[in-house]
Amino acid sequence: MRKLSTLLMLAFLFNCGVTVDVEYPVFPKDKDGRALQKFLGTIRNVGLAVEPPKKSLWESIFGSGSSFIDQMPSKVFEAFDKESYYKLTDLSKRADILNEGTLSLTGITNSRAKIGKLIGAEAILYIGYQKPFTECSTENKIDVAAAGMKVAGFAASMATGRSVNTGNEPVSKPTGVRMMLIPLDATLIKVETGEVKKAVVSNPAKIFNSVGNLACPSVLDSFGQGLDEAATYIKNRLSPLVKTERIEVFTKDENEEVKALLQEGYEEITGETPSFKKAKEAWEKADKKAGGKSWGAKANLGTYYFSNGDFEQSIKLYEEAMGLPGSNKSYIRELRKRVEATFAVDESKQQ
């Protein structure tokens, strides 16, 4: 990572290149990661449908008169939208597409093609609920400040040879804690094929009060933390992580028409409404205009496929770019290595 960052800086300073922030997916390098990568392919645009909460399930926690129950779908969307790899569309706000009857797993599944076409989604993530659970108790919690004082006092005693008074307060104190289970039931549905991948939250979050405070943490504060933990659990199983790299985009060419198309692609991803897809179209035209001999166009297209999660195509294009005269081989080689390091390679194919 440090080597690539150094190369990026050198390219910018000495080659006067133009760089852009490129997001790309990172999958776990294990069996589950490979399975998720195979399932998703290049899916990025996802519609999020949240089941309207049944008040009878949540009244035991929030109370029968709580308006918070009605806010839950929007709270769920916010939790999933944080640092998400997916570009999410909130289907609950698309009354032109869905009515309340359609916001069910069956309704979404049956209407997936229509929904996908209207909002440009490649998949739909449906979030339902099971019965929630909460209970309060007390547990010992470490007082970090008191522990720090004891360590400092011990160090001072060792340094001076004299006993330093650090107080008699215990490092660990009984503290109020609430267990909060937000049992989300998630189903990711491919628009084109109807294939599904599921994940269910079954472990409660543990929310502590301040150290030594025996009161049970509030329901609303606990719900917020529990929902964030539940959303993170689902995201870890149904979507890759997203990382950002600053990568050079090549805009120079001896052929003025090819050069103009390379520049057009760059402007598509740096304008007021950035579009990597439109940039790809411009770079494909540039490569075609050059008779397949534009190393800049091929390298830029390799970066597009990197961001789109098509790692094999990205590697192929980077290699083609390196094989053409005049290419910045050392820099493109480092980009290819970055893709190879990200690619969740199926080890069974390497035997």
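C136 and C216 are joined by a disulfide (a pair of cysteine sulfur atoms within 2.5 Å), with their sulfur atoms 1.8 Å apart. The link connects distant parts of the chain: C136 lies in strand β5 (residues 133-142), and C216 lies in the loop between β9 (205-208) and α8 (219-238), 80 residues apart. Helices (H or I, at least four residues) and strands (E, at least two) are DSSP runs numbered from the N terminus. The model is a predicted one, in which local features need pLDDT of at least 70 and side-chain atom pairs count only at pLDDT 80 or more, while totals for chains, interfaces and linings use all residues. Residues are numbered from 1 along each chain as its sequence is written, and side-chain values use heavy atoms, with hydrogens and water left out.

The count comes to 1 disulfide. The torsion about the S-S bond of C136 and C216 is about -65°, so the disulfide is left-handed. C136 has a relative accessible area of 40% and C216 one of 28%; each value falls between buried (under 20%) and exposed (over 50%), with a 1.4 Å probe and protein chains only, so both cysteines are partly exposed.

The largest pocket has a volume of about 720 Å³, the space filled by probe spheres set on grid points joined across faces, edges and corners. Among its 26 lining residues, R44, K87, S275, F276 and K277 are the closest to the centre. On a 1 Å grid over the protein atoms alone, a pocket is an open set of points where a 1.4 Å probe fits, with protein on both sides within 12 Å along at least five of seven lines, and lining residues have an atom within 4 Å of a point. β1 (18-26), α10 (276-289) and α11 (295-307) each supply at least two residues of this lining.
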